[in-house]
Amino acid sequence: MYSGKFYFEESSFKLINNDTFDALKEFEEKSFDMIFADPPYFLSNDGITCSGGKMVSVNKGQWDNYLNITDKHEFNRKWIHECYRVLKDQGTIWISRDST
């Protein structure tokens with residue numbers, strides 16, 4: 001079972017805020033009913049945007065650094081494969097994605 005700290009915990013579910021590859025390897029196969037994932041969009045590219053009338057950096061952190069399309073697909077295949085490993089046969093996965 002997961003040895004890390006839960007971000008939020010209730011009797012019916014637990015929310016983990018951790019690196020996918022570190023957290024999921026601790027779980028047995030087919031142990032999840034549902035997975036919600038909000039993967040990085042890889043939009044951090046040292047650019048700027050306007051927010052509230054001010055120029056701000058688009059950089060979110062190293063976890064969101066721009067990847068080329070090949071590396072992005074490889075990253076996504078890797079974490080989705082790991083999610084599939086721990087998802088029950090009748091389970092579901094919800095994946096948040098950017099609108100671009």
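This note walks through the fold, the overall shape and a few single residues of the model above.

1. Basis. This is a predicted model: local features need pLDDT of at least 70, side-chain atom pairs count only at pLDDT 80 or more, and totals for chains, interfaces and linings use all residues. Residues are numbered from 1 along each chain as its sequence is written, and side-chain values use heavy atoms, leaving out hydrogens and water.

2. Fold. The chain has two helices and six strands. Helices (H or I, at least four residues) and strands (E, at least two) are DSSP runs, numbered from the N terminus. Along the sequence they follow the pattern β-β-α-β-β-β-α-β.

3. Strand S4 (residues 48-51) pairs with strand S5 (residues 54-57) in the antiparallel sense, over four bridges. Two strands pair if DSSP finds at least two bridges between them. Cys50 stands opposite Met55 in S5. Two residues separate S4 and S5 in this hairpin. Gly52, in the turn, has a positive phi of about 60 degrees.

4. Overall shape. The radius of gyration of the chain is 16 Å, whereas a compact globule of 100 residues would have one near 13 Å. This radius is taken over C-alpha atoms, and the globule rule is 2.2 Å times the number of residues to the power 0.38. The C-alpha atoms fill a box of roughly 45 × 35 × 25 Å along the principal axes.

5. Of the 100 residues, 18% count as buried. Buried means under 20% relative accessible area, exposed over 50%, and partly exposed in between (1.4 Å probe, protein chains only). Take the contacts with a separation of 6 or more: residues 24 or more positions apart account for 55% of them. Contact means heavy atoms within 4.5 Å.

6. A buried glutamate. Glu82 is found in helix H2 (residues 69-86). Glu82 counts as buried because its relative accessible area is 16%. Leaving aside neighbours within four places in sequence, Glu82 is in contact with Leu24 and Lys25.

7. Most residues other than glycine have a negative phi. Lys30 has a positive phi, near 50 degrees. Lys30 is found in the loop between helix H1 (20-24) and strand S3 (32-37). With a relative accessible area of 39%, Lys30 is partly exposed. Asp46 is not a glycine either, and has a positive phi of about 65 degrees. Asp46 lies in the loop between S3 and S4. With a relative accessible area of 68%, Asp46 is exposed.
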